[in-house]
Amino acid sequence: MEGDVFSGFGERYQMDGKLLQNFQKSFVQVQDILDQNRLLINEINQNHESKQADHLGRNVGLIRELNNNIRTVASLYGDLSHSFARSIDASSEGESTGTLKSDGKANNQKRFRSG
């Protein structure tokens, strides 16, 4: 009988674990890019302060790289947001539909979230 109530718990835990791993991987990627952007900004500022033509010319490429990095970070955050929304939707559907007991009858225990 307990198995009926907790059916799918292992599957949900496994899905949540994969989701968490994907979040962690994406956040590490974002942090690496943001660290790189900090270095790029420092170099751009130094080149600007030097007012040397070749340094100012180099800033064009550095600013392009910075803009590409910002687009990548925005894309990663968009993917994270989409994944999170999908997991919440899937979780909500699983909670609201109930489960079937092994005898085929519905187990419509509702779960309420606090907050």
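Mentor: Happy to. Let's begin with Arg58, which has a relative accessible area of 44% and so counts as partly exposed; on this scale buried means under 20%, exposed over 50%, and partly exposed in between, using a 1.4 Å probe and protein chains only. Before we go on, please keep in mind that this is a predicted model, in which local features need pLDDT of at least 70 and side-chain atom pairs count only at pLDDT 80 or more, while totals for chains, interfaces and linings use all residues. Residues are numbered from 1 along each chain as its sequence is written, and side-chain values use heavy atoms, leaving out hydrogens and water.

Arg58 forms a salt bridge with Glu43, and their closest N and O atoms are 2.8 Å apart. This pair links distant parts of the chain, since Arg58 sits in helix α3 and Glu43 in helix α2, 15 residues apart. Helices here are DSSP runs of H or I with at least four residues, numbered from the N terminus. Glu43 is partly exposed as well, because its relative accessible area is 26%.

A salt bridge means a side-chain nitrogen of Lys or Arg within 4 Å of a carboxyl oxygen of Asp or Glu, and by that rule the count is 2. Asp35 and Arg38 make such a pair, with the closest N and O atoms 2.6 Å apart. Both belong to helix α2, and because they are 3 residues apart, about one helical turn separates them. Asp35 is partly exposed at 27%, and Arg38 is partly exposed at 48%.

Now look at Asn59, also in helix α3. With 6% relative accessibility, Asn59 counts as buried. Leaving aside residues up to four places away in sequence, Asn59 touches Glu43, Ile44, Asn47 and His48, where a contact means heavy atoms within 4.5 Å.

The loop between α2 (9-50) and α3 (53-97) holds Lys51. Its phi is near 60 degrees, a positive value in a residue other than glycine. Lys51 counts as exposed, at 61% relative accessibility.

The chain has a mean of 78, and 67% of its residues reach 70 or more. Over residues 1-9 the pLDDT is below 50, and this stretch has 7 contacts beyond near neighbours in sequence. Residues 97-115 also stay under 50, with 21 contacts beyond four places in sequence. Where pLDDT is low, the predicted coordinates should not be read in detail.

Notes: Helix = DSSP H or I, 4+ residues; strand = E, 2+ residues; numbered from the N terminus. pLDDT = per-residue confidence, 0-100.
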